[in-house]
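Here are my notes on this one, point by point. Have the model open while you read.

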Amino acid sequence: MTLQGKAGANLRIDGDRLWASLMDMAEIGPGVRGGNNRQTLTDADAEGRRLFQSWCEAVGATISIDTMGNIFARYEGTDPSLAPIMVGSHLDTQPTGGKFDGVLGVLGALEILRSLQEAGIRTRRPIEVVNWTNEEGTRFSPAMLASGVFAGVHTQEWAYAREDAQGKSFGDELLRIGFRGSEPVGKRPLHAYFELHIEQGPILEDEKIDVGVVTHAQGLSWLQVTLTGRESHTGSTPMPKRLDAGLGAARVTELVNAVALKNAPHAVGAIGHQDFYPNSRNIIAGRAVFTIDIRHPKKPVLDGMEADIRAGAEAIAAALGLGIEIERVGHFDPVQFNEACVASVRRAAKTLGLSHRDIISGAGHDACWINRVAPSSMIFCPCVDGLSHNEDEAITQEWATAGANVLLQAVMEWAEG
Ligand code: HGY
Ligand code: MN
Ligand code: MN
């Protein structure tokens, strides 16, 4: 496949327009330090969705919403009978998220439609821009929930029953914000899927490279651990008589770190979420609930890490006289993206004269699930200091423009195929 000699081969996106839309979207669900808090299925998420929908309708795209709230904006092709090229990401953010994680992929895809419409170009295949619901998994675990249901990894019933920290369910909140569509999830055909995303790591910026050609994504496992001890007075309870769930959590945190370091250089592990009960400064924690996040590009190593952590946590609990429950609340095996799609991304970067390198994604993305149902791949742009999931997350307009032009060329190549 090649675009050479075809309409669109020299088409470029409008970087100023893309940047302006990124900044407009960033106004919705502002954080406390210049980033965003537009968590999934909140009123802010609904406001961002409505803005996105209005922009898509303005370029003549038709909107469909499925029963998981995934939004599809279809830009018709010259042959509507052909399965579309799908392109997008997610608009939901972390509670202390940045302006670009996910949003660059959705608005970069919208910029493709804007550029095609402006140039009066219709590709053979339709192009569908998608906003996947709840990619972040921070309010409702797991991450990539709605793309997972679309790809048949989770049932919709299980997804609807997921609850947030206040006990609100995904299904109820989706209905409340008015985005529980009627289209059955997962029935929508697609020929291929592309996703533009910020790298969320330091490699591209450190190596002064414009474009990441994403060949793989590392695997992930989220283990929610509940340690049960006994509340008692922090002052009058002798040390040997304590059943201290807080101490147990601290030792498991050390264990996770040690297992990751033992599997260096690619393994990572951390505990980012932790709740003590009753969380009073002069009561020994009777219960600790926390989520372990471990990742590795190779399945046998990731499985070994999980086994080591399960065994080690059980031993820690036994030594401290604590009860322990471990529930896997998120998981996907390492992903290899479709080689033909990856080759199109590499070709586009080369044609555009952009520095590029193959890269493995450290973060999970909706493309990891969509890769199960259609040829998929991703494009990364650098981010400042490799920082993400932090309100200081930053990219340059040049990086965004370069990434979106690679996305345009790769999508058009497949849309003419
Ligand atoms: O957790 C992840 O990797 C993604 O940001 N949801
Ligand atoms: Mn993301
Ligand atoms: Mn994220």
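1. Start with ligand 1: one of its oxygen atoms sits 2.6 Å from an N or O atom in the side chain of R295. Another polar contact (a pair of N or O atoms within 3.5 Å; within protein, one must be able to donate a hydrogen and the other to accept it, and residues adjacent in sequence count only if both atoms are side-chain atoms) puts a ligand 1 oxygen 2.7 Å from a polar backbone atom of G364. With H389, the distance from a ligand 1 oxygen to a side-chain N or O atom is 3.3 Å. The protein buries 95% of the 210 Å² that ligand 1 exposes when taken alone (accessible areas are Shrake-Rupley, 1.4 Å probe; for residues, only the protein chains shown count as cover).

2. A word on conventions: this is a predicted model, where local features need pLDDT of at least 70 and side-chain atom pairs count only at pLDDT 80 or more, while totals for chains, interfaces and linings use all residues. Residues are numbered from 1 along each chain as its sequence is written, chains are lettered from A and ligands numbered from 1 in the order written, and side-chain values use heavy atoms, leaving out hydrogens and water.

3. Which residues surround ligand 1? They are E135, E136, A143, W222, R295, A363, G364 and H389, going by a heavy atom within 4 Å. That shell divides into three nonpolar, two polar and three charged residues. For the classes, Ala, Val, Leu, Ile, Met, Phe, Trp, Tyr, Cys and Pro are nonpolar, Asp, Glu, Lys and Arg charged, and the others, Gly among them, polar.

4. Now the metals. H90 (NE2), D101 (OD) and H197 (NE2) coordinate the manganese ion (ligand 2) at 2.1 to 2.3 Å, and their spacing in sequence is H-x10-D-x95-H. The manganese ion (ligand 3) lies 3.5 Å from ligand 2, and D101 coordinates both. H90 and D101 are in the loop between strand 3 (85–89) and helix 3, so the pair ties together parts 11 residues apart in sequence. Both H90 and D101 are buried. Donors here are N, O and S atoms within 2.8 Å of the metal (3.2 Å for Na, K and Ca); water is not among the atoms, so sites may look incomplete.

5. There are 21 salt bridges in the structure, each a side-chain nitrogen of Lys or Arg within 4 Å of a carboxyl oxygen of Asp or Glu. In one of them, the closest N and O atoms of R17 and E111 are 2.6 Å apart. This pair links helix 1 (residues 15–26), which holds R17, to helix 3 (residues 103–119), which holds E111, across 94 residues. E111 is buried, at 0% relative accessibility (buried is under 20%, exposed over 50%, partly exposed in between, with a 1.4 Å probe and protein chains only).

6. R357 and E207 pair up at 2.8 Å, N to O. Their bridge spans 150 residues, from strand 12 (residues 356–361) to the loop between helix 7 (203–206) and strand 6 (211–217). R357, at 25%, is partly exposed, and E207 is partly exposed at 40%.

7. Salt bridges with shared partners also join D43, R139, D164, E173 and R176 into one network. Within helix 6 (residues 170–176), R176 and E173 are three residues apart, about one turn, and bridge at 3.0 Å. R176 is partly exposed at 44%, whereas E173 is buried at 5%. Helices (H or I, at least four residues) and strands (E, at least two) are DSSP runs, numbered from the N terminus.
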